[in-house]
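Welcome! Take a moment to look over the sequence and the structure, and then let's walk through its aromatic rings together.

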Amino acid sequence: MADQKSHDNPLELKFSRTFEADPEVVFKALSDPDLIKKWFGPHGYSCPVVEVDLRVDGNYHIEMKPPEGEIIKLDGVYRVVDPPNALAYTWQWDEPDAKETLVKVQFNSSGDGTEAFVEQGEFASAESKEGHEQGWLASFDRLKEVLQAQKT
């Protein structure tokens, strides 16, 4: 299945990506700190710190390091933990006036793989939504590479 994007609400991001892996494998890649460190963030970014308390009302903390510049911190709380079907969590940048958003990920078997359907919003601005969309798509490109490497 081709990757899809939908734009119903201009301040809500919706897209899907299909991975050549079982739902259990994709769910784990989005919830295991050691795996998140390998793919989270755009190309060139690293994640020196990923802490996950994978349970409803559990917290997570991620620190991303761009190729140049300061570490970017992200925190949130898990709202849904339903392996291997769904994850939902809040997303809060450690920046003044940053708006908290909610990320929902649905994992569906799709032929020989898994379709991950992602929704995030509502964003404070179209620019914020665009930045997140670029970040997610680049991160999922990296995730696809990580999952391919696991198969070999």
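## What counts as buried

A residue is called buried when its relative accessible area is under 20%, and exposed when that value is over 50%. Please keep in mind that this is a predicted model.

## A pair that links a strand and a helix

How many aromatic pairs does the structure hold? There are 13 aromatic pairs. One of them joins Phe15 and Trp136, whose rings sit 6.4 Å apart, centre to centre, with 50 degrees between the planes, a tilted arrangement. Phe15 belongs to strand S2 (residues 12-19) and Trp136 to helix H3 (residues 126-151), so this pair ties together parts that are 121 residues apart in sequence.

Are these two residues buried or exposed? Phe15 has a relative accessible area of 1%, so it is buried. Trp136 is buried too, at 3%.

Trp91 and Trp93 make another aromatic pair, with 5.4 Å from centre to centre and 85 degrees between the planes, which is edge-to-face. Trp91 is buried at 5% relative accessible area. Trp93 has 18% relative accessibility and also counts as buried, because the cut-off is under 20%.

Both pairs belong to one aromatic cluster, formed by Phe15, Phe19, Trp39, Phe40, Trp91, Trp93, Trp136 and Phe140.

## A look at helix H3

Helix H3 has 26 residues and reaches 37 Å from its first C-alpha to its last, close to the 38 Å expected. Its buried residues include Trp136 and Phe140, along with Gly135, Ala138, Leu143 and Val146.

Definitions and conventions:
Residues are numbered from 1 along each chain as its sequence is written. This is a predicted model: local features need pLDDT of at least 70, side-chain atom pairs count only at pLDDT 80 or more; totals for chains, interfaces and linings use all residues. Side-chain values use heavy atoms; hydrogens and water are left out. Rings of Phe, Tyr and Trp (its six-membered ring) pair if their centres lie within 6.5 Å; planes under 30 degrees apart count as stacked, over 60 as edge-to-face and the rest as tilted. Helices (H or I, at least four residues) and strands (E, at least two) are DSSP runs, numbered from the N terminus. Buried means under 20% relative accessible area, exposed over 50%, partly exposed in between (1.4 Å probe, protein chains only). The expected span of a helix is 1.5 Å times one less than its number of residues.
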